[in-house]
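User: Hi! I am new to protein structures, and I would like to learn how to read this one. Could you take me through it step by step?

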Amino acid sequence: MSGKWTPSRIEDGPLVTGRGRFLDDMDPLPGTLVAAVVRSTQPHARIRGVDMSRARAHPGVAAVIGPDEVLAALRPFPLSTGAPMHYYPTGTDRVRFVGEPVAVVVATDRYTAEDAAELVAIDYEPLDVVVGARAALAEDAPRLHEDAESNVATDRTFSFGEVDEVFAEAAHVVEGEYDFPRYSSVPMECYSVIADWREGADGPSVEAWANFHGPFTMVPVMAGALGIPTSKVRLHVPADIGGSFGIKAGIYPYVVLMALASKHSGTPVRWTEDRIEHLLASSTGADRVMRFAAAVTADGTVTGLKVDLVDNVGAYLRPPEPSTLYRCFGNITGPYTIGAVQIRARAVVTNSMPTGLNRGFGGQQLYFGLERLMDAVADATGLDVVDVRRRNLIRGFPYETPTGGVYDSGDYHAAVDLAVKNADLAELRARQEAARAEGAYYGIGVGLVTDPSGTNIGYVGLATPAEQRKPGRDKSGSTEHVRISVDMQGLVTVMLGSVPQGQGHATVARQVAADRLGLPVEAVRVVVDMDTATTPWTVTSGSYSSRFAPLVTSAVVQAADRIAHTVRAAASVMLDLPPEELELADGTVRHRDDPSRAVQFRHAAGVVHWDPGALPEGTPARLYEEAAFTPREVKAATRDDRINSSLCYGFVAELVAVRIDPDTLEITIDRVSSVHDAGTVLNQQLLDGQVHGALTHALGGAMYEEFTYAESGQPTSGTFLDYLCPTSAETGYDLRTDHVVTPSPLTPLGAKGSGEGSSMSFPVALANAVADALRPTGVEITKLPLHGEVLHQLLENTTQKELS
Amino acid sequence: MKAASFAYVRPATLDDVLAELAGGDGKVLAGGQSLVPVLAMRLGRPATLVDINSVEGLDGLARDGDVVRVGATVRQRTLERSPLAAAVPLLPLALPFVGHRELRSRGTVCGSLAHADPAAELPAVACCLGATLEVAGPDGRRRVPAEEFFVGAMSTGAGPEDVLIGAEFPIAGAGEGHGFAEIARRHGDFALAGVATRVRVDGDGAVQQARLTGFGISDRPVTRDVTELLRSAGPRRAEPDLRAATAELAAEIVDTGGDAHGSTGYRRRLFAVLAARELQKAHRRALPTATEDPS
């Protein structure tokens, strides 16, 4: 044992010694009052009236607002499509899910606010409910939004390549219908907001704090609802956020709601979501009903794909939905050389919590269908599940998909070979044979996914038909902004707008900047708390779509190189050498061939600050630089609806082996082999952590977690008694992770994102393993989660069918 | 998720506890692992919380003749770590399944018994062993056999003015073997189905008595004498030979309505499997030269 613990991340020391500063620890404005939210107990009802008089009279209450105040002051949030499904931060005419905010009580403290919240009387007229995507599509389904013709919020069909021809010529047409469940990531810290409405000489403004992590497109969306200019919404995000994995992107309606509450109370207002509220009404990944069909040649080559996706986005099309449908548009054919594809993409509204970003966003849903289908292709052609995939894997890069994706790099065959080798597939097959011989269940599943990172927000445009997209109003981009400055002592400050929630952005950005500037990491500090008034940012800023490694670090490189340019110019004067012959290394600026001719970095930086008169002609005395990494490969959707929906595309090859107790039907994971290609590895330990985290997140969705609703529309997983997150006790399986490295040619360091890969691959790999294990029983696996009760029902039904 | 207002008292004597509970709108606070969430969610609104942690004499954990006596404020973890637990072999088998270690370090043995969750482990252990529970109330103290104490889901023979002050677990005698198992969605969750078993054999290894308690399968722990069931399963009392009989037993006693985690049918399946497995184990452990089943 060594005596001293050295944190492997700059973030760790404060976090593990209780010195993290989360939003609820902060008290930036004196006189801040506390809010409680009154929520709907009804899944679907007309609001006849809201009586707030008793709550307003309760001692300690400063303000109570409800639907009338919301309608008087706010505009509906601007949506991603033209669907007439108005969305406000509270129910106004109706409530559409249990937990939907109806009123806000502002009081001296949370206890008083909750006491008064019980006094708000809501008069409901119950309406028929819609539970689940299939019910939403029914001809006679109750409609959630009166102005809309149906519950279908968006419905688009796309076709690329010779779809009809390849299906007509196919030796096999393999079909499947699959359901993907609704689950979250359940961050440890829930939503938290402080909002202050101010009336100024030039009109109203809002200053707010929120543990929001982007996308910062939501800042103009908030401003739109508030009816004030974007620049008059000043948003702070604290340095410490207790996890999100996409879920906290859904906080923005509460920022607007608390700003309105503040306007009425005349004070700043704080609201911190509790776990009950979180599990009812924050955000979740979308559940999906989907049909897939593959056109397959006699030798097992998949030549065409038809997909029909129906996402259940909950009660409203809350932006950035319907993005779950489009995030993987450019990689909808996965890692395979499928040349023709037809897509129908629909999102429907139902009486449930609105959906949004969730680690893997759109990928776990897509690949559940595609990789279950590949197993069906193996069945139809008599090929092994690994062989049939190898036969269809992309070989040459860059590779352009029929939907417009351009895969930047990869070596899919090498990754699959490595995953198979690490899994010791032959040994697993032997275990399976032995298990089957004694009547036990053992199965091996494969999941191969192309892992997109650095989203091109232009894909949102696909929800609108090309002819309705206005010329000159296109959207595109994967831009990230960074500012680097050097102080008078030569200490470097890197300011990020990436709003991390525990990923270790500061550790990596510090290393990258230090490497570029030839400095020890101790000479660099990273600022990650965000202030939209001072931190460089743009609409695409934020922490989502695995964008830190490909985009933010690229901006760090660009900004650092500009700083280096100025420091070399200053040193060139001191050393009397041409700046182009100088390099930054070991804390010095030195001649590249004669390191003895050197000055300290801090002395050269000092010249810029203290003696700008000495600088060469044309060198500004500026040691702060901003970079906006702006890759050209991500453009708006074409007129024929193709789009490169991400800048980078990594790869995951995963094998999962499971054992199922034939008596209790408990599923035990025996082994997982997971190989990732995230391009250049910036920090091995953090990459491993991302893989482990994504695997555990996916384990939750595959076996434990699900937001469920009764036929009545009441949620049935509203506490941690029923919404089950995997714990360390559930993750003790034999895990073998490894990497293949094919650097991206599109990012200066060659890095791609890696935070979401196994979130996409593991759910289907596990399902494939369970299906393989239960093959002798004839049970079909078409949905998740899978656990003993589910298998019991499947086996009972299969037995029933056999008997009848 | 903040509790409605309540009064909090921390009496120093049992008499004062009973005085605070008189009237029936108080609630006993010991470890708080079930009560505090109920308060926070405003599912319960007692006028007064009566904290018994300062009451002298309620924290006793001792061997008393042929029983181990556990006082009202003894933490589950304290019992788990006590050498006394070994004298009641079902306790060390069952305690690791009670929540997680962190919960057990606050939660009390008697609190779990008094809470009477039908899927909890300790009520089942108490029933299987025929433990005695000591209740103090306005009319004095009374001793209640465990099987009579549990009258329904979250419902016991202790009334709103009573406090459970101790539990007595019989010490295992020679020729006794035990089994305990449960299946839950995750480790630490309430059981979908679980069983506690006790088998007694005589000096020749013949089965004298077998007892089984199921939990998570009805509105309370359900105990059966299964001596004949075990005797009928052939000389080895092997699990496969027991399965038909335990399946029959499951059909009889598993009557919980079930939920998304486990339907009635699945719980029957689990109960039948666990009952056979744990009867076999208890029998093997009871034999003079106890041998663990290698499987």
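Predicted model: local features only at pLDDT ≥ 70, side-chain atom pairs only at ≥ 80, totals over all residues.

User: How many helices and strands does chain A have?

Analyst: Helices (H or I, at least four residues) and strands (E, at least two) are DSSP runs, numbered from the N terminus. Chain A has 20 helices and 29 strands, and chain B has eleven helices and 16 strands.

User: What is the radius of gyration of chain A, and what does the globule rule give?

Analyst: The radius is taken over C-alpha atoms, and the globule rule is 2.2 Å times the number of residues to the power 0.38. Chain A comes out at 27 Å, close to the 28 Å that the rule gives for its 804 residues, so it is as compact as a globular protein of that length. Along the principal axes, its C-alpha atoms fill a box of roughly 95 × 70 × 60 Å. For chain B, with 295 residues, a compact globule would have a radius near 19 Å, and chain B has 19 Å, which agrees. The box for the C-alpha atoms of chain B is roughly 60 × 45 × 35 Å.

User: What share of the residues of chain A count as buried?

Analyst: A residue is buried if 20 or more other C-beta atoms lie within 10 Å of its own, exposed if 12 or fewer, and partly exposed in between, with C-beta atoms placed from the backbone. In chain A, 59% of the 804 residues count as buried; in chain B, buried residues make up 49% of the 295.

User: Now for domains. How is chain A divided?

Analyst: Domain bounds come from an automatic or database domain assignment. For chain A, this gives domain 1 (12–127 + 188–243 + 247–281), domain 2 (287–458 + 637–803) and domain 3 (480–629). The C-alpha centres of domains 2 and 3 of chain A lie 40 Å apart.

User: How many residues of those two domains are in contact?

Analyst: Two residues are in contact if their C-beta atoms, placed from the backbone, lie within 7 Å. Here, 23 residues of domain 2 of chain A are in contact with 16 residues of domain 3 of chain A. On the domain 2 side, β18 (441–455) and β27 (646–660) of chain A are the elements that give two or more residues.

User: What about the domains of chain B?

Analyst: Chain B is divided into domain 1 (7–51), domain 2 (61–170) and domain 3 (176–286). Between domains 2 and 3 of chain B, 23 residues of domain 2 are in contact with 18 residues of domain 3. On the domain 2 side, α7(B) gives the most, with seven residues.

User: How many residues does each chain bring to the contact between A and B?

Analyst: Chain B brings 18 residues and chain A brings 23. On the side of chain B, α11(B) gives the most, with five residues.

User: Which residues touch the most other members of the largest nonpolar core?

Analyst: In soluble globular proteins, nonpolar side chains tend to be buried together. A nonpolar core is a set of buried Ala, Val, Leu, Ile, Met, Phe, Trp, Tyr and Cys residues joined through C-beta atoms within 7 Å. The largest core has 262 residues, and Ala35(A), Val105(A), Val193(A) and Val255(A) touch the most other members. Helix α16 (residues 548–575) of chain A gives the most to this core, with 15 residues. A second, separate core of 86 residues includes Ala124(B) and Phe150(B).

User: How many residues of α16(A) are buried?

Analyst: Of its 28 residues, 21 are buried, so α16(A) is mostly covered. After α16(A) comes Asp576(A), with a positive phi near 55 degrees.

User: Last one: why does Ala506(A) count as buried?

Analyst: Ala506(A) counts as buried because it has 21 C-beta neighbours inside 10 Å. Ala506(A) is in helix α15 (residues 505–517) of chain A. Leaving aside neighbours within four places in sequence, Ala506(A) is in contact with Ile10(A), Glu11(A), Val526(A) and Val528(A).

Notes. Residues numbered from 1 in each chain as written. Chains lettered and ligands numbered in written order.
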